[in-house]
Amino acid sequence: MNEPISLDHALASFDALWSPRIVARVNDYDVRVAKAEGEHVWHVHDDTDEFFLVLDGQLRIGLREPAGERTVVLERGAVFTVPRGTFHRPSAPSGARVLLFEPTGTSTVGDRHDEVPDHVDATTGHEL
């Protein structure tokens with residue numbers, strides 16, 4: 001399909017949290033939107049970076065880096081890229097709407113992860 005997609009309409013079409021929907025593809029990458037609330041799971045993508053754009057709300061991303069643990073806070077309109085090989089855990093205490101950009105087939109829980117809680121959808125994205 002080669003028609004414009006409203007991100008507001010795409011996000012209004014589902015209620016599931018931490019369960020991204022694929023809204024477009026660019027070469028071998030998915031453009032996904034997700035609703036977030038509460039905590040995701042600590043995970044790592046061994047071979048790819050992960051791009052976040054906050055469309056609404058606030059997203060926090062915990063990072064485990066060589067220098068120690070830290071949290072980046074992303075407000076509406078902010079972008080951040082988690083480098084490949086970095087353990088991270090997104091969270092949205094008050095809720096957020098997020099756009100993600102990552103290679104098609106990338107799992108939402110990465111290549112290695114902690115136990116996946118019931119509220120997190122371990123998926124490679126759902127078609128809109």
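Is Thr124 buried, exposed or partly exposed? In this predicted model, Thr124 is partly exposed, since its relative accessible area is 38%, a value that lies between the limits of 20% for buried and 50% for exposed residues. Thr124 is found in the loop that runs between strand 9 (112-113) and strand 10 (126-127). When residues up to four places away in sequence are not counted, Thr124 touches Ile22, Asp30, Arg32, Gly105, Thr106 and Ser107. A further relation across the chain concerns Glu102, which stands 22 residues from Thr124 in sequence, with 10.0 Å between the two C-alpha atoms.

One cavity of 30 Å³ or more is present, and the volume of the largest cavity is about 150 Å³. Its lining consists of 14 residues, of which Trp18, His40, Glu50, Phe52 and Leu100 are the closest to the centre. Two or more lining residues come from each of strand 2 (29-39), strand 4 (50-57) and strand 8 (87-103). The most is given by strand 8, which supplies four residues. In terms of residue class, the lining of the largest cavity comprises nine nonpolar, three polar and two charged residues.

Trp18 is found in the loop between helix 1 (7-12) and strand 1 (21-26). Trp18 counts as buried because its relative accessibility is 7%, below the limit of 20%. His40 belongs to the loop between strand 2 and strand 3 (43-44), and it too is classed as buried, because its relative accessible area is 9%. Apart from neighbours within four places in sequence, His40 is in contact with Trp18, Arg89, Pro90, Thr108, Val109 and Val120.

Most residues other than glycine have a negative phi. Trp18, however, has a positive phi of about 50° although it is not a glycine. A positive value is likewise found for Asn27, whose phi is near 55°. Asn27 is located in the loop between strand 1 and strand 2. With a relative accessible area of 74%, Asn27 is exposed, whereas Trp18, at 7%, is buried.

A search of the whole structure gives one aromatic pair. This pair is formed by Tyr29 and Phe101, and it is stacked, with 5.0 Å from centre to centre and an angle of 10° between the planes. The pair links distant parts of the chain, as Tyr29 lies in strand 2 and Phe101 in strand 8, 72 residues apart. Tyr29 counts as partly exposed at 33% relative accessibility, and Phe101 is also partly exposed, with a relative accessible area of 29%. The charged end of Arg21 sits over the ring of Phe14, at 4.3 Å from the ring centre. In another such arrangement, the charged end of Arg64 is placed over the ring of Trp42, 3.8 Å from its centre.

Definitions and conventions: Residues numbered from 1 in each chain as written. Predicted model: local features only at pLDDT ≥ 70, side-chain atom pairs only at ≥ 80, totals over all residues. Heavy atoms only, no water. Buried < 20%, exposed > 50% of the residue type's maximum accessible area, 1.4 Å probe, protein only. Contact = heavy atoms within 4.5 Å. 1 Å grid on protein atoms, 1.4 Å probe; cavity = no way out; pocket = protein on both sides within 12 Å on 5 of 7 lines; lining within 4 Å. Points joined across faces, edges and corners; volume = space filled by probe spheres on them. Nonpolar A, V, L, I, M, F, W, Y, C, P; charged D, E, K, R; others polar. Phe/Tyr/Trp six-rings, centres within 6.5 Å; stacked < 30°, edge-to-face > 60°. Lys NZ or Arg CZ within 6 Å of the ring centre and 35° of its normal.
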